[in-house]
Amino acid sequence: MNVVNPSLTRKVHIDSPSPAGYIKCMSNRTRTPSGWKLPPVVIPVLAALVALGWGQMGHFIINTKALGNLPASMSRFVDSAAYFGQHASDADYRKSSDPSEAPKHFLDIDWYPAFQNLTPKLDSLIALYGTPTVTTHGILPWSTVQTYDSLVAALRRGAYVRAESIAADLGHYVGDGHQPLHVAVNYDGQLTGNNGIHSRYETTMINVYASKISVSPVPPVYVGNRFAYVMAYLLVSNSLADSVIRADNGAKSVSLWNGSGTIPAAYTAELWNETRALTLREMQGATVALADLWYSAWVDAGLITGASVSAGALPAAFSLRQNYPNPFNPSTRISYRLAAPGRVILTVCAVNGAKVSTLLDAVQGEGAHEVRFDGSGLSSGVYFYTLQQGSRSESRKMLLIR
Ligand SMILES: [Zn+2]
């Protein structure tokens, strides 16, 4: 499905992946109790190069763990955890009967010369490149947004059983979008002599190390611009693809495995060693993104009232703006407005809730202010920044891409 890509630029420029929400750094990491439940046994019919995206186990983890982020008002979803786990890979199984399904699971994002500015309108992309090319290189972000829209429509008309099925699919596509090799031209290491890495990473490794994957719950925020939001995490995923390829080389050299025949346990152990951090970040990111989108769909369907969307009755003059530029590397500016003078605290948290920096803790006057945040030394990913003044608090997301 691939053509060697010309030069790539990784400077990106997307406006706010999501509007304001209300998130605080968590002082303690809370882990969801109990281990993963194993998915029902299903024998994969198609092996090898048919990319299942995280394998069944990975999709199971993402679909079920994302439920831990949802508010009590969405208990109907939470109560259907078994369903979401069992149907996390339905979208993959459809590939064998529906030829239009496969392109929905990936995007050779770096095949496109200006991939940071891909159009939200699939028709426009097709007008530019033609259907065969667009299909060959995958339509993951557009299918994700389309699935979101279908979910909103089903929830609106009260078709709850249908909505659950669509929501499980949405989880699948969000999961695929957080697997770096689903978002890169070199999707199976075929350009670099790393053939087979796709399934070694997402299935062989994840099946062995599933019990080591934990995510922290993060309250969902409303996503206004779905396409920009999806593209933002796809760009992060893409930026990690080379690390997975390097880890394959490292694992081969440590285990002395030449890449053919049975995969030795030493190879898988070293692949996990070298990709553990990025894999956990992507799993965490997938559960956050999925919960954000499920939550937003409920809001858009009118099932959650506006009061839950914003942090509450904040005075209009107290406001935190989207950082600029966003995504950024390595620094960005955060501006905000205070309604009254007082002590102000601005903190930055990682996606797992761990505090990364206290950018500001000072008494300031009312009006507009701006601070610069330098992400040097941090890894690529989603971060939250939170402005607090007295009982008022507002959070936003930003995206660091190295
Ligand atoms: Zn898939």
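A residue counts as buried when its relative accessible area is under 20%. The model examined here is predicted. By that cut-off, D92 is buried. D176 is buried as well.

Both residues belong to the zinc site. The protein donors of the zinc ion are D92 (OD), H105 (ND1), H172 (NE2) and D176 (OD). These atoms lie 2.2 to 2.6 Å from the ion. Along the chain, the donors follow the spacing D-x12-H-x66-H-x3-D. D92 sits in helix α4 (residues 90–93) and D176 in helix α8, so this pair ties together parts that are 84 residues apart in sequence.

The geometry of the site is irregular, with angles of 81 to 165° among the 4 donor atoms. A tetrahedral assignment would require all angles to lie between 85 and 135 degrees. The ideal value for four tetrahedral donors is 109.5 degrees.

Helix α8 spans residues 160–177 and has 18 residues. From first C-alpha to last, α8 reaches 25 Å. This is close to the 26 Å expected at 1.5 Å a residue. The helix is mostly covered, with 15 of its 18 residues buried. In an α-helix there are 3.6 residues a turn, so residues three or four places apart point the same way.

Helix α7 (residues 140–156) packs against this element in the following arrangement. The axes of α7 and α8 come within 9 Å and cross at roughly 160°. That angle makes α7 roughly antiparallel to α8, because angles over 145 degrees count as such. The crossing of the two helices is left-handed.

Notes. Residues numbered from 1 in each chain as written. Predicted model: local features only at pLDDT ≥ 70, side-chain atom pairs only at ≥ 80, totals over all residues. Heavy atoms only, no water. Helix = DSSP H or I, 4+ residues; strand = E, 2+ residues; numbered from the N terminus. Expected span 1.5 Å × (residues − 1). Buried < 20%, exposed > 50% of the residue type's maximum accessible area, 1.4 Å probe, protein only. Donors = N, O, S within 2.8 Å, 3.2 Å for Na, K, Ca; no water. Tetrahedral: all angles 85-135°; square planar, octahedral: opposite > 155°, others 65-115°. Axes fitted to C-alpha atoms, helices over the stretch in contact; angles between N-to-C directions. Parallel < 35°, antiparallel > 145°, perpendicular 65-115°, else oblique. Left-handed = near helix turned anticlockwise from the far one by under 90°.
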